[in-house]
Amino acid sequence: SVFYSTFDEAHRPCAVWRHVLGTPQSADQKLFEEPDGLFYVSMDKTRDGRLLLVSADSTETSEVRFLELTDKSGKTLEFESDVAAEGAAAPPPKLKLIQPREFKLRYSVEHRSDWLFITTNEGGANNEKVVVAPLATPGLEHWKPLSDTQGEPVLPHDAKRTVSYATCFENHLVVKGREAGLTQVWVLDMAGKGPQVKSVHRVEWPEAAYECGLGPNFEMETKAIRLAFSSPVSPRRSVSYNLDTRKMTTVKETPVPNYDASLYATARRHITARDGTKVPVTLFWRKDKVNVGAGVNDAPAAPAALHLYGYGSYGMCVEPSFSTRTLPLVDRGMVYAVAHVRGGSENGRWQWYEEGGKYLSKRNTFNDFVDVADALVKAGWTEPARMSCEGRSAGGLLVGNVVNQAPHLFRAALAGVPFVDLMVTMCDPSIPLTTGEWEEWGNPNEPKYFDYMLSYSPIDQVRAQEYPSILITSGLHDPRVAYWEPAKWAQHLRAKRTNAPDDARKILLKMDLAAGHFSASDRYKYLRELAFDYAWMLDELGLADGKPTKSG
């Protein structure tokens with residue numbers, strides 16, 4: 001059998017089908033369909049191949065069903081429709097519901113030896129935890145804490161730790177999450193085939209700021225798994241990690257021609273935002289270009305050109321990882337900085353996102369970014385005439401608010417496919433993807449959200465003031481941020497800004513007539529587009545004539 005999903009008119013995956021090879025598509029069976037436009041349907045197969053999982057998820061609520069594909073021994077099961085008498089109409093295989101949806105109850109599922117390992121926020125576990133339930137009785141009333149052989153909870157809910165998901169292997173459970181603002185991996189040695197844990201340890205890494213996670217692991221019966229690691233100075237590497245001995249062996253590292261990691265440095269700083277929250281900032285620079293540590297509070301000896309990047313939405317984190325895209329900037333003497341603002345999940349899904357960075361607390365995202373920029377200036381890392389900022393998509397919403405709130409802090413701003421016409425888009429449910437977004441920003445058709453959303457809708461808050469140079473890029477075929485949003489925003493900015501006629505700071509709109517939301521799909525065209533963006537930015541910061549110093 002082949003299982004596949006289909007989309008509705010709003011480009012929402014809404015149904016799962018089963019196709020039996022050798023039969024016409026007209027005979028395909030619909031296993032599940034989700035009528036609610038807030039929910040997106042996805043499917044997956046457990047690592048042991050026993051279950052097909054079908055999930056219906058909104059931003060805040062989950063519901064999972066499963067279909068048994070094999071028995072305990074691995075023998076493929078026959079469905080009623082496969083053995084029905086010729087000409088008889090047989091119903092499609094029936095999915096079993098794990099737990100009916102409840103508003104704001106999230107959960108995801110893994111399977112091992114007749115037990116379900118469920119990652120969930122049930123019971124007020126805002127940063128999530130792992131519970132277990134028998135495959136035969138998977139409902140919430142049977143969910144029990146993941147415990148060791150003495151009955152003590154393992155990785156219980158903790159405000160300082162976020163659990164993202166659990167992955168099952170023959171003798172181990174591997175948990176991905178966050179702690180201390182960084183991604184982490186925990187290995188749990190299981191006590192036999194049951195759900196009890198014998199021991200647990202966290203995988204340790206050699207650098208202070210990094211991104212780690214699970215690589216492709218397709219085998220259930222294994223003692224070694226693939227993990228991925230990267231940092232701002234270390235290219236992505238794939239490592240083999242022995243689950244029993246904890247020995248780590250590098251299998252492959254992404255080759256970066258002419259790159260010498262010893263020439264570069266990274267640092268993690270925490271900026272105090274206006275409400276007292278500590279906001280992490282990752283800084284990356286070239287040591288022979290920027291003399292960090294020679295100034296006050298370990299700042300550079302003289303303010304450097306600095307590019308500040310941010311996103312801060314959907315609970316998505318901007319990780320401190322390696323990217324060749326930053327090298328053309330730092331090789332010209334710039335500091336590349338990432339502000340890990342609220343709206344992501346860097347410091348906990350609940351405090352950084354659910355409570356602190358969405359709905360009626362969304363303005364924290366923009367305030368954090370402005371406060372980080374201001375603090376970097378005051379600390380001597382840079383100065384407004386030498387600082388630029390960037391964000392894409394929902395990060396463009398961030399940039400749009402930042403230039404409205406604090407245009408004096410930046411010389412230039414780069415807004416890629418920016419989501420800036422918040423009110424018009426969110427008021428129209430006929431626009432693809434809109435209804436699902438109500439669980440991120442709020443529904444402006446409800447009075448309690450309307451005024452708050454209007455207060456930070458970038459296009460509605462453009463005011464009579466001087467603005468920095470802004471490059472707005474967009475794609476004509478973008479299904480997520482329609483081309484008219486950035487086009488309208490550019491015209492609002494040009495009409496209302498008070499810059500002098502001879503001011504070199506301009507509002508530019510660059511529309512790609514062949515691209516969608518993710519820029520050019522062709523790798524070389526994408527690099528040309530990126531080169532254009534960087535050339536514009538370097539010119540604005542007075543670095544266009546500076547030739548990059550070779551890394552090695």
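This is a short chat about some features of a predicted model.

Q: What kind of model is this, and how are residues numbered?
A: The model is predicted: local features need pLDDT of at least 70 and side-chain atom pairs count only at pLDDT 80 or more, while totals for chains, interfaces and linings use all residues. Residues are numbered from 1 along each chain as its sequence is written, and side-chain values use heavy atoms, with hydrogens and water left out.

Q: How many disulfides are there in the whole structure?
A: A search of the whole structure finds zero. A disulfide is a pair of cysteine sulfur atoms within 2.5 Å.

Q: Is C212 buried or exposed?
A: C212 is buried, at 3% relative accessibility. Buried means under 20% relative accessible area, exposed over 50%, and partly exposed in between (1.4 Å probe, protein chains only). C389 is also buried, with a relative accessible area of 1%.

Q: Changing topic, where does R12 lie?
A: R12 is in the loop between strand 1 (2–7) and strand 2 (13–19). Strands (E, at least two residues) and helices (H or I, at least four) are DSSP runs, numbered from the N terminus.

Q: Buried or exposed?
A: R12 counts as buried, at 6% relative accessibility.

Q: Which backbone oxygens does its side chain reach?
A: The side chain of R12 reaches the backbone oxygen of E34 at 2.9 Å, and a polar atom of that side chain lies 3.1 Å from the backbone oxygen of D36.

Q: What else does R12 touch?
A: Not counting residues up to four places away in sequence, R12 touches T6, F7, E34, P35, D36, G37, F39 and Y40. Contact means heavy atoms within 4.5 Å.

Q: OK, and where is N171?
A: N171 is in the loop between strand 12 (161–168) and strand 13 (172–179). At 37% relative accessibility, N171 counts as partly exposed.

Q: What does N171 touch?
A: Leaving out residues up to four places away in sequence, N171 touches R112, L188, D189 and M190. The C-alpha atoms of N171 and A191 are separated by 7.8 Å, and these residues are 20 residues apart along the chain.

Q: Which helix holds T425?
A: T425 lies in helix 5, which covers residues 422–426. T425 is buried, at 6% relative accessibility.

Q: What does the T425 side chain reach?
A: The side chain of T425 reaches the backbone oxygen of D421 at 3.1 Å. Leaving aside neighbours within four places in sequence, T425 is in contact with F419, I431, T434 and E485.

Q: How many cavities of 30 Å³ or more does the search find?
A: The search of the whole structure finds one. On a 1 Å grid over the protein atoms alone, a cavity is a set of points where a 1.4 Å probe fits but cannot get out, and lining residues have an atom within 4 Å of a point.

Q: Which residues line the largest cavity?
A: The lining is Y311, G312, M316, C317, V318, A339, H340, V341 and E346. By type, the lining residues are six nonpolar, two polar and one charged. Ala, Val, Leu, Ile, Met, Phe, Trp, Tyr, Cys and Pro count as nonpolar, Asp, Glu, Lys and Arg as charged, and the others, Gly among them, as polar.

Notes
Polar contact = N/O pair within 3.5 Å; in protein donor to acceptor, adjacent residues only side chain to side chain. 1 Å grid on protein atoms, 1.4 Å probe; cavity = no way out; pocket = protein on both sides within 12 Å on 5 of 7 lines; lining within 4 Å. Points joined across faces, edges and corners; volume = space filled by probe spheres on them.
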